[in-house]
Amino acid sequence: MTPMWYIVLAAVLFTIGAVGVLIRRNAIVLFMCIELMLNASNLALVTFSRINGGLDGQIMAFFAMVVAAAEVVIGLAIIMLIFRTRRSASVDDANLLKY
Amino acid sequence: MLSLLWLLIAIPLASGLLLLVLGRRADKWGPWLGVLAPSASFVMGLIAFFQLADRSDKVVEQNLYSFIPVGDLQVDFGVMFDPLSAVFVLLITGVGSLIHLYAVGYMADDEKRRAFFGYFNIFIAAMLLLVLGNNYVMLYLGWEGVGLASYLLIAFWYNRPAAATAGKKAFIMNRVGDVGLVLAIFLIFAKLGTVNYVQVFAGVGTLTSGTILVLGLLLLLGACGKSGQFPLQAWLPDAMEGPTPVSALIHAATMVTAGVYLIARSNPIFSANTTLQTVVVSVGALTLLLGCVIGAAKDDIKRVLAWSTVSQIGYMFLGVGLGGGAYALAIIHLLAHGFFKANMFLGAGSVMHGMQDQVDIRRFGSLSKYMRITWLTFMMGWLAIIGIPPLSGYFTKEPIIAAAFERGDWTSWLFGGAALLGAGLTAFYMTRLFVLTFHGAKRWTDGQHPHESPPIMTIPLILLALGSIVAGWLMSTSVLEWLEPVPLPGGEAHAPVMPHWLITTFGLVLSVLGALVAVALFRRGTALAPQPAGPVVTAARNNLYTDAFNEVVFEKPGSWLTRALVYVDSKGVDGLVNGLAALVGGGSGRLRRLQTGFVRSYALSMLAGGVLVLGALLAVRFG
């Protein structure tokens with residue numbers, strides 16, 4: 001099995017995540033889709049690292065994971081606050097910042 | 001004293017500024033400080049005058065400090081005291097002090113009298129600077145100073161629209177003349193590299209005839225503006241909207257004579273070109289007739305006096321234009337005029353004071369019984385101006401008329417005739433004024449109780465009347481001698497075209513005739529409303545259509561031009577600027593709609609952007 005299939009898997013996962021962000025309204029689901037995209041890119045990084053025989057990609061994947069963990073903490077807190085004030089987790093309800 | 005000449009200017013200036021700065025705190029004693037300052041200057045001027053008379057060179061020049069030291073342009077703040085300055089200083093401070101004193105009584109009930117005296121003192125200071133400066137820039141400084149004071153005082157009752165308009169009119173017409181003076185100073189500096197009188201007059205010989213002509217015409221324009229001479233005479237009668245002491249001091253006795261001073265001071269320039277002299281004489285002759293004709297048709301006591309001022313200054317211009325010895329004649333007429341005209345203006349003020357500010361001479365009559373002192377003093381002024389010996393006007397006007405006959409060619413007849421005719425007309429309209437005001441039946445409006453003015457107003461009247469009586473004899477003897485260095489050898493003296501005694505006789509006969517005609521016509525009073533009249537009288541009532549001319553030729557095209565420029569500005573310049581702003585604003589308003597507030601649409605644009613960048617990279621890499 002060539003590493004190419006991992007790349008394909010990563011692309012598929014990223015696409016699923018991106019489409020999810022675009023079409024879903026629920027903030028939690030949106031959040032999970034973002035995580036999916038991050039993990040897809042992590043998978044792609046690790047795969048490239050494997051293909052090139054270096055450790056750079058793996059190190060960057062770890063970085064991405066740490067950042068993602070921090071982001072989850074902040075993101076969930078924001079979603080919690082929005083839910084408390086608006087009684088809804090739909091991102092379309094939080095649309096005050098516009099023209 | 002001669003080393004402290006600057007104090008003459010500084011005292012009234014300091015007092016004026018003090019009165020304006022202190023505000024209401026000075027209300028009680030302010031007017032008296034205002035009287036004191038010019039009186040102090042008068043005393044000092046008198047001492048300086050006698051000290052000057054003892055000196056053999058009869059001129060003191062003093063540079064106080066360097067005023068404008070810029071490269072080639074070196075202007076000193078300097079004063080010069082010579083016979084010409086000396087007589088002006090005495091006239092300004094002497095008559096000025098009397099008018100200040102009168103104004104204490106006249107303005108006693110005015111709320112802003114403190115500011116009035118402040119302006120009055122500043123006027124005196126500026127006028128003294130004008131006559132005491134030793135170069136053209138000092139003269140210009142004083143020139144603008146008196147212009148400012150004149151504006152402030154004409155528009156003193158600025159809540160009356162007529163006064164505010166008259167102030168503006170005076171200011172704007174003076175600007176026209178000032179442009180001439182300023183250009184003349186520029187030209188002097190450009191050609192001679194200095195503005196100091198002594199150096200300028202020493203350099204006149206090096207100038208070409210054309211330059212002198214242009215220079216003289218520019219100076220004449222300035223002089224006409226300040227002195228209310230044709231074609232800039234229209235502001236002076238309107239200036240009578242100001243309080244009467246202002247009319248007496250500024251618009252009769254002193255400021256309006258600044259033009260005569262300018263020409264007399266610049267006499268080396270004017271004497272150097274005969275064309276120039278002819279122009280000055282023509283302006284004088286034309287204006288003196290213009291003033292007489294219009295003055296004869298007016299019914300407002302102050303306006304008649306104003307037009308007579310215009311006319312008398314015409315005589316002075318005639319004198320200074322004749323050159324040679326006639327310069328001094330113009331100056332003595334100026335001094336005599338300062339006395340008798342101030343006297344008559346103050347008399348008119350006294351009449352108005354007793355008649356509840358009535359100015360229409362058709363509504364006076366019989367006042368001689370109620371205002372003895374005003375009547376007698378006014379009579380002295382009246383006899384002086386129409387030139388009845390032995391009052392001052394006879395001694396000063398008659399020599400000018402005679403001098404006009406000494407030009408030596410046919411113009412003698414023209415200018416001499418104009419001056420003689422003017423004398424007759426002057427007698428006519430001044431007698432009309434006098435008879436209608438003080439004699440005949442009462443034609444008062446209801447509720448008038450004329451009364452004599454308080455002593456503080458009548459004392460200056462009496463002193464000025466005495467001046468009108470004795471001044472003439474004094475002028476024609478000692479003052480003429482005193483002024484001797486002023487007239488330079490101008491044109492060669494010609495024999496008069498007719499004998500001197502004949503001219504004098506003609507002058508007297510015409511004056512008496514004019515006066516008798518006026519007495520015959522107006523002894524029994526006059527109609528209370530304007531009567532239909534022939535074309536000449538109608539024209540004279542309308543200022544010989546000079547105002548209409550100004551309006552059609554200058555004011556209308558000016559306002560059209562302004563309107564056209566406003567149109568170009570608002571549609572063109574503003575249109576461009578506003579159009580650009582509207583374009584950017586409108587575009588932004590539409591672009592703003594892209595910010596919908598939906599997270600997914602932002603995400604989509606980010607994705608689209610990412611794909612685009614990726615696509616571009618791939619295209620570059622593999623394309």
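At what angle do the axes of α8(B) and helix α11 of chain B cross, and within what distance do they come? I will start there, with the reminder that what we are looking at is a predicted model. The two axes cross at roughly 155 degrees and come within 7 Å of one another, and that angle makes α8(B) roughly antiparallel to α11(B). On the side of α8(B) the contact is formed by L219(B), G222(B), A223(B), C224(B), K226(B) and S227(B), and from α11(B), which covers residues 258–265, come A258(B), G259(B), V260(B), L262(B) and I263(B).

Directly after the helix comes G228(B), with a positive phi near 65 degrees. Further on, the peptide bond that joins F230(B) to P231(B) is cis, its omega being near 5 degrees, and P231(B) itself sits in the loop between α8 and α9 of chain B, where α9 takes in residues 235–238.

Now to a second helix pair. In general, two packed helices are described by the angle between their axes and the distance between the axes. For helix α2 of chain B, residues 30–54, and helix α3 of chain B, residues 83–106, the angle is about 155 degrees and the axes are 8 Å apart. With that angle, α2(B) is roughly antiparallel to α3(B), and the crossing of α2(B) and α3(B) is left-handed. The residues that α2(B) brings to the contact include P31(B), G34(B), V35(B), P38(B) and F42(B), while those of α3(B) include A86(B), V89(B), L90(B), T93(B) and G94(B). Of the residues in this contact of α2(B) with α3(B), 12 are nonpolar and nine are polar, with no charged residue among them.

The next element is helix α15 of chain B, at residues 326–354. It has 29 residues and reaches 41 Å from its first C-alpha to its last, close to the 42 Å expected at 1.5 Å a residue.

Apart from neighbours within four places in sequence, V351(B) is in contact with I301(B), F364(B), L367(B), M371(B), T374(B) and T437(B). As for Q312(B), which is 39 residues from V351(B) along the chain, the C-alpha atoms of the two are separated by 23 Å.

What follows the helix also deserves a look. Just after α15(B), Q356(B) takes a positive phi of about 55 degrees, and D357(B), likewise a residue other than glycine, has a positive phi near 60 degrees. D357(B) belongs to the loop between α15 and α16 of chain B, with α16 at residues 372–385, and it counts as exposed because it has 10 C-beta neighbours inside 10 Å.

Is N543(B), another residue with a positive phi, buried or exposed? Its phi is about 55 degrees although it is not a glycine, and it is found in the loop between α21, residues 535–541, and α22, residues 546–591, of chain B. N543(B) is buried, because 22 other C-beta atoms lie within 10 Å.

To close, a few figures for the chain as a whole. Chain B contains 23 helices and two strands, and along its principal axes its C-alpha trace spans about 120 × 65 × 55 Å. Of its 623 residues, 51% count as buried, and among contacts in chain B with a separation of 6 or more, 82% are between residues 24 or more positions apart. Finally, the contact between the chains takes 11 residues from chain B and 10 residues from chain A, and on the side of chain B that touches chain A these residues divide into five nonpolar, three polar and three charged.

Methods
Residues are numbered from 1 along each chain as its sequence is written. Chains are lettered from A and ligands numbered from 1 in the order in which they are written. This is a predicted model: local features need pLDDT of at least 70, side-chain atom pairs count only at pLDDT 80 or more; totals for chains, interfaces and linings use all residues. Axes are lines fitted to C-alpha atoms, for helices over the stretch in contact, and angles run from 0 to 180 degrees between N-to-C directions. Helices (H or I, at least four residues) and strands (E, at least two) are DSSP runs, numbered from the N terminus. Angles under 35 degrees count as roughly parallel, over 145 as roughly antiparallel, 65 to 115 as roughly perpendicular and the rest as oblique. A crossing is left-handed if the near helix is turned anticlockwise from the far one by less than a right angle, and right-handed if clockwise. Two residues are in contact if their C-beta atoms, placed from the backbone, lie within 7 Å. Ala, Val, Leu, Ile, Met, Phe, Trp, Tyr, Cys and Pro count as nonpolar, Asp, Glu, Lys and Arg as charged, and the others, Gly among them, as polar. The expected span of a helix is 1.5 Å times one less than its number of residues. A residue is buried if 20 or more other C-beta atoms lie within 10 Å of its own, exposed if 12 or fewer, and partly exposed in between; C-beta atoms are placed from the backbone.
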